[in-house]
Amino acid sequence: MPGADIILETRGASLHFGGIAALDNVSISVRKGEIFGLVGPNGAGKSTFLNAVSGVFPLSGGSVHFEGKDISRIPLYQRPSIGIGRTFQGVELFGELSVQDNLMVGRHHLMKSGILSSGLFIGKTEREEIEHRMKVEEVIEFFELERYRKRRVGSLAYGIQKIVGVARAVCSEPRILLLDEVASGLNREEKEDLARFLLRIKHTRGTTMIWVEHDIRMVSELADTTAVLDYGRLVGVGPAGDVLRDANVKRVFLGTDEPAPAVAAV
Ligand code: ADP
Ligand code: MG
């Protein structure tokens, strides 16, 4: 049953691409403030799930509820302003812009004057810009990016770019943050930094996270709840340790031709 502490819920969410059910009747509940890990083999529908929640594609069936409201029909461009932020698999930053300016882009929907507004009302626009720049500075410190703030993002190491991607999403001040494989391509030290930042986001900002990740061990150490997708279907959900010990779920990761049976959300 949806409780008061549920921030996001999908009910029978399905998303088809032609004949492929990338998501097949997925019902999950995410509690406010938790790190909700989402794992599964390649092509299991993890990115599609984030796309469905962030509105990249309309659902073929079912619904998505955020803070008690059905948001299934809210268009993509409006989702940041209702409190949904995300990163993309692979880095989708502006390589030619500095770290600071990439983070400013993350605040675009929060700006009244707009990032590209003319100089006609310079006083007001400038004041607003200063406020946003200060918020960006806070996020730069939060993610320990001070020494990179003026650097062109395209010139930074991949691991730093990944962190900048998370920082940009945090700049949009989401109440739920969708993270798509932010640890992939990172070395061990960078993963440790990322883990620290995710916990810091959780504990100091209280942001709920749905975290899609390939590194199951990392997810099992950090996530409060873990869900497993296979062939677009939910095949396990619960505390990470329990889920990953489940025989069906083990089968998914060991790789068999036979899909595991779907489960109902707990
Ligand atoms: P994962 O992120 O778990 O690796 P995806 O969500 O990217 O998996 O993909 C799930 C399935 O949906 C795959 O079979 C993939 O080929 C298909 N798919 C994903 N996005 C699209 C798209 N835009 N058009 C067509 N098929 C897609
Ligand atoms: Mg993916």
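Analyst: Start with a charge over a ring. In this predicted model, Arg196 lies over the face of Phe197, 5.1 Å from the ring centre. Arg205 lies over the face of Phe142, at 5.6 Å from the ring centre.

User: Which residues does Phe197 join through ring pairs?

Analyst: Ring pairs are judged by the distance between ring centres, with a limit of 6.5 Å. Here they link Phe197 with Phe142 and Phe143 into a cluster.

User: How many aromatic pairs are there by this rule?

Analyst: The count comes to three aromatic pairs. One of them is formed by Phe17 and Phe57, and it is edge-to-face. Their centres are 5.1 Å apart, with 85° between the planes. Planes over 60 degrees apart count as edge-to-face, which is why 85° gets that name.

User: Where in the chain do Phe17 and Phe57 sit?

Analyst: They link distant parts of the chain, 40 residues apart. Phe17 is in strand S1 (residues 6–17). Phe57 is in the loop between helix H1 (46–54) and strand S4 (61–66).

User: What does relative accessibility say about Phe17?

Analyst: Phe17 has 36%, so it counts as partly exposed. Phe57 is partly exposed too, with a relative accessible area of 33%.

User: Which residues are around ligand 1?

Analyst: Phe17 and Phe57 are both among them. Next, look for polar contacts. An oxygen atom of ligand 1 is 2.7 Å from a polar backbone atom of Gly43. For Ser47, a polar backbone atom is 2.9 Å from a ligand oxygen. For Ala44, the distance is 3.1 Å, again from a polar backbone atom to an oxygen of the ligand.

User: Back to Phe197. Which residues of helix H5 are buried?

Analyst: Phe197 is one of them, along with Leu194, Ala195, Leu198, Ile201 and Lys202. Seen down the axis of H5, the buried residues fall within an arc of 165°, so they line one face of the helix. On the other side, Arg188, Glu189, His203 and Thr204 are exposed.

User: Why does the length of H5 agree with what a helix should span?

Analyst: Count residues, then compare the ends. H5 has 18 residues (188–205), so at 1.5 Å a residue it should span 26 Å. Its end C-alpha atoms are 25 Å apart, which agrees.

User: What is found at the start of H5?

Analyst: A side-chain oxygen of Asn187 reaches to within 3.1 Å of the backbone nitrogen of Glu189. Just after H5, Gly206 takes a positive phi of about 70°.

Note on methods: Residues numbered from 1 in each chain as written. Chains lettered and ligands numbered in written order. Predicted model: local features only at pLDDT ≥ 70, side-chain atom pairs only at ≥ 80, totals over all residues. Heavy atoms only, no water. Helix = DSSP H or I, 4+ residues; strand = E, 2+ residues; numbered from the N terminus. Expected span 1.5 Å × (residues − 1). Buried < 20%, exposed > 50% of the residue type's maximum accessible area, 1.4 Å probe, protein only. Arc of directions from axis to C-beta. Polar contact = N/O pair within 3.5 Å; in protein donor to acceptor, adjacent residues only side chain to side chain. Phe/Tyr/Trp six-rings, centres within 6.5 Å; stacked < 30°, edge-to-face > 60°. Lys NZ or Arg CZ within 6 Å of the ring centre and 35° of its normal. Near = heavy atom within 4 Å.
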